[in-house]
Amino acid sequence: MAAEMALPLPGKMPRKASRAELGDRIFVVGGKLLLLLLLSVAVLMPLLAIFWRGFSAEDGQGGGWVAARELVTSDNFHWLLGNSLKVSLSVAAIVVPLAYLFAYALQRTMIPGKRIWRGLSLLPLMAPSMLPGIALVYLFGNQGMLRGLISDNIYGFWGIVLGEAIYTFPHALMILLSALSLADARLFDAASSMGAGPFKAFRSITWPGTKQAVFAAFCLVFTLTITDFGVPVVVGGDYQVLALEAYKAVVGQQQFGRGALIGMVLLLPALFSFGVDAWLRRQHGDSMSGRAQVFKPVPSKVRDRCYLAIVLLICATLLLVFGMAVYSSLVKFWPYNLSLSLAHYQFNDTAGGGWLAYRNSVTMALCTALIGSAVIFTGAYLMEKTRSQKGLNLALRMLSFVPMAVPGLVLGLGYVFFFNLPGNPLHVLYGTMTLLVVCTIAHYLTTAQMTATTALRQLDGEFEAAALSLKAPLYRHYWRVTVPICLPALLDIIRYLFVSAMTTVSAAIFLYSPDTILAAVAVLNMDDAGNVGGAAAMSTLILFTSAGVSLLLAWASRGLLRRSQAWRQGAPAQ
Amino acid sequence: MNRSNATALTQPGVPMKVRNVSKRFGAFTALDNVSLEVAAGELVCLLGPSGCGKTTLLRCIAGLERQDNGALYLGERDVSELAPQARDYGILFQSYALFPNLTVEANIAYGLAGSNRDVVRKRVGDMLELVGLTGSEKKFPGQLSGGQQQRVALARALAPAPSLLLLDEPMSALDARVREHLCTELRQLQRSLGITTLMVTHNQDEAMLMADRIAVMNNGKVEQYATPQEIYDKPATPFVAEFVGQGNWLPFQRNSASHAQVGGMSMRLADDAGRAASGRLFCRPEAISVNPVLHQENLFPARVREITFLGNRCRMSFELNHLPGHALTAEVGSQDLPRLGAPDIFVALPPGSLQVFA
């Protein structure tokens with residue numbers, strides 16, 4: 001037995017260790033360099049290209065300093081900017097309070113059916129931003145179902161505001177849900193023991209703990225609205241906004257310089273809110289201590305009924321809008337022949353891309369989800385769990401926060417400029433599926449990476465050290481331990497990337513070619529061509545695909561959790 | 001744990017050497033020119049308050065931090081620049097860092113990759129027997145108690161037969177009741193395997209209980225490196241005296257080679273007590289005799305301030321009449337309590353128990 005203690009054979013060890021070392025070097029350094037390259041090409045260079053394009057005065061491009069001065073002093077620009085600001089502020093002012101009430105109802109009250117309401121509230125994420133617009137046209141347009149309820153038709157300011165409100169609602173809701181999920185029961189006990197009523201408790205505990213999230217939600221809704229052109233293009237009518245102008249300048253008039261200038265203007269609110277949010281976060285610090293006790297709401301009849309009414313009202317609105325879109329896609333010839341048929345789904349007979357676009361979208365979404373989650377999760381792992389290459393880690397961390405502050409429209413413009421630069425060898429990628437996938441991954445990188453980082457930070461910090469002491473290469477440890485433990489988070493990232501890729505138009509609209517046209521772009525094109533029924537049908541298809549994949553992944557995740565319950569329930573040990 | 005089997009697995013350990021290792025984190029000096037030698041088969045504790053550099057030293061030896069200067073040797077090999085995988089050690093973390101998604105069996109076999117399957121199975125069986133957990137192969141770490149998890153982590157660390165075992169605060173996640181028991185068991189296992197071991201702890205009882213030698217660390221330096229008894233009886237620096245055990249401090253001026261003036265008293269010192277002309281005298285509470293039956297040297301009148309009952313013994317706080325306002329403590333057996341009824345007492349501070357610090 002004494003001999004067996006010396007196993008594995010000492011002579012074998014150094015070679016095995018050195019192979020592991022080499023493999024790890026490739027895994028760690030190679031992985032980081034690859035990510036750096038990706039972030040440089042897919043995020044940094046396109047952004048720089050916008051500035052370069054905006055300030056270079058080429059003939060007929062509408063760029064340069066002179067053009068910039070002309071643009072910002074023109075009456076037309078003032079009108080567009082004013083419209084954009086009015087719409088965005090109105091949407092934020094409507095959506096944030098509603099989302100706050102909704103989130104409060106889900107997190108702090110005892111209303112029944114929370115999971116259903118939560119699922120319904122996420123519907124707008126599953127469809128391109130044009131869908132609410134299309135539904136509004138069928139509801140309140142000139143021949144709309146409920147046209148009689150309003151004095152004027154829906155096209156214009158209120159159409160855009162309503163459409164954007166529906167489109168941005170779940171984005172605001174998610175921020176507020178996570179802010180309201182954190183509550184320390186001890187604080188509420190202390191407040192009530194000092195005689196504070198529910199209103200006082202809200203003002204002194206809940207509000208201070210969530211006001212930063214309210215600000216963040218406000219900024220997000222504002223930025224999403226001001227950079228979105230999906231809703232204005234459908235229900236805007238004569239009411240023009242900046243995002244639409246940038247889109248028309250580049251796609252319609254080939255005025256790249258003018259597009260870049262407007263893109264820069266649109267980048268400002270995003271950069272501003274990103275900066276202020278980061279600053280607030282640093283001021284605020286972490287409000288939940290490790291010893292906090294989870295807050296559990298107690299039943300209260302009046303409160304719960306009020307909140308249930310609010311939640312029902314919002315969900316009914318969402319159902320009405322999305323139901324209308326689905327219904328209208330099935331109606332044979334609105335409003336004259338209301339019999340149902342699948343005529344609008346015969347995409348091959350109409351212009352706009354048809355089934356090719358749908359197939360492309362699914363391919364693109366699958367590639368984005370699978371490649372993106374692998375790249376992003378591995379990148380987050382390397383950044384989070386390896387301490388060497390500090391400079392590289394810092395550069396990666398900073399670069400990976402950039403996409404959060406860059407609206408898709410601006411990113412897409414950057415891609416147009418960068419990949420069309422004369423002499424850029426990457427020009428061959430322009431219009432290909434590869435570039436669409438790269439752009440979509442880059443666009444949604446930050447959120448996915450934050451999910452990954454959160455999951456990774458919950459793991460014991462000594463796992464890697466333990467693996468190394470056991471002479472196991474890091475890449476094997478990553479595959480055998482880290483990935484299995486984080487599989488639920490990984491599925492969440494896959495779902496997020498898939499749904500985002502299915503529904504995105506903002507960046508993709510500048511990057512597709514006839515062969516790589518996407519479903520969401522087809523919606524826009526069909527609507528533009530007056531084929532609103534076709535647009536509704538394609539939107540519905542996107543909606544069901546996204547929702548179906550989401551449900552499938554949620555189900556897979558549940559099954560996975562159940563199967564691994566044996567080791568999940570007890571762990572982690574500390 | 002099965003001791004007969006443990007003895008059968010005995011292998012000779014290798015010595016470990018740390019030479020002039022320094023490590024800075026920005027402006028903070030975590031390790032300041034530290035040298036340490038651990039003999040083959042020895043168990044050495046790094047003891048010190050948090051921030052003293054003990055964990056940093058352990059992580060440098062493990063290759064998880066890279067030292068700024070200095071060298072590390074394991075046996076004859078210079079491992080200073082090697083990656084952790086190439087150093088040949090096993091480590092037991094405070095959190096155990098057991099992989100929750102792998103069974104006990106797979107955790108222990110984690111470091112045995114590349115060996116043939118039957119050999120691995122046999123090895124895992126042997127290791128489980130060694131730590132007394134035979135039959136837990138298919139369980140997950142989350143299904144085990146804290147003490148059992150610690151044993152699995154130990155089995156995992158020992159399975160690849162490393163030359164050095166590192167223990168990073170191994171007991172601090174356990175409750176006090178099982179701690180002492182597991183300390184003893186771990187010590188027995190280590191001794192029977194003869195594996196060179198370095199343990200980091202901030203708990204002096206653990207260090208006293210387990211170590212062959214203790215390195216007391218403070219501010220990135222080793223203050224004293226000696227056996228537990230020497231550390232306790234002859235602390236090399238005021239920090240060691242203060243950190244390990246309880247003690248009394250008395251300011252003094254030297255009168256002569258053999259006497260020191262403390263307040264209004266002249267105390268006789270032992271011949272080897274140190275040469276400083278002034279400073280502080282150090283004395284352990286249990287070395288002080290209270291109302292001694294026989295006459296003793298350095299006997300002074302004192303007044304009791306407070307007596308705290310601690311079960312088998314009592315802690316008495318008192319003041320020397322000739323050094324008022326300066327609280328001292330002595331420890332006395334509970335059976336001596338009746339003799340301490342009156343507040344006025346005599347205490348003897350034996351010359352051999354008085355240590356001189358400048």
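Me: What makes residues of domain 1 and domain 2 of chain A count as touching, and how many do so on each side?
Reply: There are 33 residues of domain 1 of chain A in contact with 32 residues of domain 2 of chain A, and they are said to be in contact because their C-beta atoms, placed from the backbone, lie within 7 Å. This is a predicted model, in which local features need pLDDT of at least 70 and side-chain atom pairs count only at pLDDT 80 or more, while totals for chains, interfaces and linings use all residues. Residues are numbered from 1 along each chain as its sequence is written, and chains are lettered from A and ligands numbered from 1 in the order in which they are written.

Me: Which helices of chain A form the side of domain 1 that touches domain 2, and which gives the most?
Reply: At least two residues each come from H1, H15, H16, H21, H22 and H23 of chain A, and H23(A) gives the most, with nine residues. A helix here is a DSSP run of H or I with at least four residues, a strand is a run of E with at least two, and both are numbered from the N terminus.

Me: How do you know what kinds of residue make up that side of domain 1 of chain A?
Reply: They divide into 24 nonpolar, seven polar and two charged, where Ala, Val, Leu, Ile, Met, Phe, Trp, Tyr, Cys and Pro count as nonpolar, Asp, Glu, Lys and Arg as charged, and the others, Gly among them, as polar.

Me: Where do the bounds of the two domains of chain A lie, and how far apart are their C-alpha centres?
Reply: Domain 1 covers 14–55 + 342–562 and domain 2 covers 65–135 + 142–283 + 293–301, bounds that come from an automatic or database domain assignment. Their C-alpha centres lie 24 Å apart.

Me: What makes helix H2 of chain B count as mostly covered?
Reply: Nine of the nine residues of H2(B) are buried, among them B:Lys54, B:Arg59 and B:Ile61. Just after H2(B), B:Gly63 takes a positive phi of about 80°. Across chain B, 42% of the 358 residues count as buried.

Technical notes:
Two residues are in contact if their C-beta atoms, placed from the backbone, lie within 7 Å. A residue is buried if 20 or more other C-beta atoms lie within 10 Å of its own, exposed if 12 or fewer, and partly exposed in between; C-beta atoms are placed from the backbone.
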